[in-house]
2 protein chains.
Amino acid sequence: MKKKATLKEIANELGVSISTVSKALKGSPEISFETTEKIKAFAKLLHYRPNNIALSLKNRQTKTIGVIIPEIVHHFFAEVIQGIETYANEHGYNVLIALSNESFDKEVFNIDTLASGSIDGFILSVSKGTLQCQDFHHLHETINQGMPIVLFDRQIPDISCDKVIVDDYQGSRRAVEALLESGCKEIALITTEDYVDVGFKRTQGYIEAHIKKGMPHKPSMVLKVDDQFFWEDALESLERRIEALLRLHPCIDGIFGVNEVYALTAMKVAQKMGYIIPKDIQVIGFTDGVLSKHAYPSLTSIKQHGKNMGREAAQMLIQRLESDDERPFETKVLQTELVERESTQLLG
Amino acid sequence: MKKKATLKEIANELGVSISTVSKALKGSPEISFETTEKIKAFAKLLHYRPNNIALSLKNRQTKTIGVIIPEIVHHFFAEVIQGIETYANEHGYNVLIALSNESFDKEVFNIDTLASGSIDGFILSVSKGTLQCQDFHHLHETINQGMPIVLFDRQIPDISCDKVIVDDYQGSRRAVEALLESGCKEIALITTEDYVDVGFKRTQGYIEAHIKKGMPHKPSMVLKVDDQFFWEDALESLERRIEALLRLHPCIDGIFGVNEVYALTAMKVAQKMGYIIPKDIQVIGFTDGVLSKHAYPSLTSIKQHGKNMGREAAQMLIQRLESDDERPFETKVLQTELVERESTQLLG
DNA sequence: TATGTTTCCGAAAACGTTTTCGTGTTGAAA
DNA sequence: TTTCAACACGAAAACGTTTTCGGAAACATA
């Protein structure tokens, strides 16, 4: 590896001072035309590129915000990042992304490395690993250290920072209500274990919808899937469990999946078993992503407006970065939208 | 925003020197036990976190590699990043991701900001915008500046750096040959415009397969889609064009899509028109991602081994970073694999 | 000639850290 | 008492910038 050119080298070669080089390169009127030209030409020859890191050392800010997400394949996270990027770029900030891969250790590591100089603030969605071990010391440390954090999507209590979340409860309730209103009597729920906050809330919405409509909800119609590890045959295992559920309850005429994959897999299993979608069984998923759109039949789902979420998060962070007053921390709750496609026959 | 604690502050408060604080915090035996304890306690109180940026200024390296990808929603890119991360972490490097959103300007901007201090080297897949305007000055500058680059997936000629690519030509040829061998007579191709390198190569493979098998290939069976802009009704437009193609050639009994979405959409349209997959029409897609797996019927496709690609890229980059000798630049060509699922009835 | 005003440039500090090389104090061995 | 090592700590340089301040030279004015 060649080493990089510096102001000092240019200055030495040309027999001028470092300050002169710096000013010339910035086009300062202090420096004469000839000197400026000479320096610029030589800098170009050496492929000089200023070292911003030295700069941020001086300025104590990097104009960069760090985003840490648990997973990159997730369409929802991709949308959020789009939203963050758009807003951040409009306001002169750059965005850097790092992955936690749902692991507590990697989350801590990434926060540590980024927090120490590379960025001005964080936008992050905590990993499942962190949610499980309930260890938030890294977040507290970062906040105490004076670096603002905005949490999105996955909620955690007892942490003092801005948050943007989706109204999972409402969204899920409306979806299940819509199914009930369109005539479904027996709606299965495919959800995660309760320690995943969003899974829990969506489950709550499912239950509340039944209560509100005066319908009974049977716990045996709820399938809780532990998706902690993405082992090889996770999908097959899921399919088998769904098939068992459908065999056990032939009366099922509606399925609500707490995410795209659950809903889609359920639809696939049902189709293989001979059910016609949406005639025999109607299906709704949470999180509106590529899978829903490209499925056959395409999947009715609850859209989370990931871009908005990203925008909101970026806005909250940048506001806090650029003001000195200590405003109280906010929590923004974003509403969802029911996008109807071919997997349902809803009313209205 | 609170300001961050520094060594100097700790030193002043405790009436010792900066060097003493630094050494104490690092657990140097030079410093007495009591002093060390006192300093550590106080540092904790102040939520001190060392500023790595100052360090990388000294060391002239950051142990971080930058990855720039055109899009984040793409499953293939996600896999590549997984591969990069795994290898990089194993070798003590951190990974930072930035997005170009297929835009030339953003690619340049990201390279500029990252290149100036934050990272030691790049792994990147050039944006479509860059491919179109054919302006590679930012890459040349970065390389000349002494920062190594590894290009992956999308090829560009005349640029001196390491590259990792998929054998698009072979992969595509094998897929089409497999279709022909299983009895297909009329295979439609859905591909991109030729300026997208991978699209072009996959098209070549399609043509060569026909030539090798002594089958005629009709240009009218090839649908070239311009996917440069993801405008609102891109999908509907694609569907209409595929439908038109199928109506024009009722004899079509095989479809090869140059990516997941093309193949999947084709399958969906065919199903809507009453064709049974794979009995009436067999379908294969390039790029094996989530969509293929979750489709119904699931899609036979050409797996690109994104993780391997990421590993290879990371390995090449780190090797170059850690050795001084100027090895000649390499280009690694990775083979593909045909993953058979439900959308085909291949032989053997 | 003496004074003021440009014009052009350099010295030096600052940012936060690590590290090398002192230096002063102790205690022990000669 | 002298000599030496061990110990505990500090001073200062270095990394690459920007910026403030100052100063020398050239020129114009009185």
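In chain A the mean positions of the 40 positive and 48 negative charges lie 5 Å apart, where Lys and Arg count as positive and Asp and Glu as negative, with His and the chain ends not counted, and where each charge is placed at NZ of Lys, CZ of Arg, CG of Asp or CD of Glu. This is a predicted model, in which local features need pLDDT of at least 70 and side-chain atom pairs count only at pLDDT 80 or more, while totals for chains, interfaces and linings use all residues. Residues are numbered from 1 along each chain as its sequence is written, chains are lettered from A and ligands numbered from 1 in the order in which they are written, and side-chain values use heavy atoms, with hydrogens and water left out.

Chain A has 14 helices and twelve strands, which are DSSP runs (H or I, at least four residues, for helices; E, at least two, for strands) numbered from the N terminus. The radius of gyration of chain A, taken over C-alpha atoms, is 26 Å, well over the 20 Å that the globule rule gives for 348 residues, so the chain is more spread out than a compact globule; that rule is 2.2 Å times the number of residues to the power 0.38. Along the principal axes, the C-alpha atoms of chain A fill a box of roughly 90 × 40 × 40 Å.

Superposed by least squares on the C-alpha atoms of residues with pLDDT of at least 70 in both copies, chain A can be laid on chain B with an RMSD of 0.1 Å by a turn of 180° and a shift of 0.0 Å along the axis. That is the relation of a two-fold axis, and in chain A the C-alpha nearest the axis belongs to A:Ile97, 2.4 Å from it.
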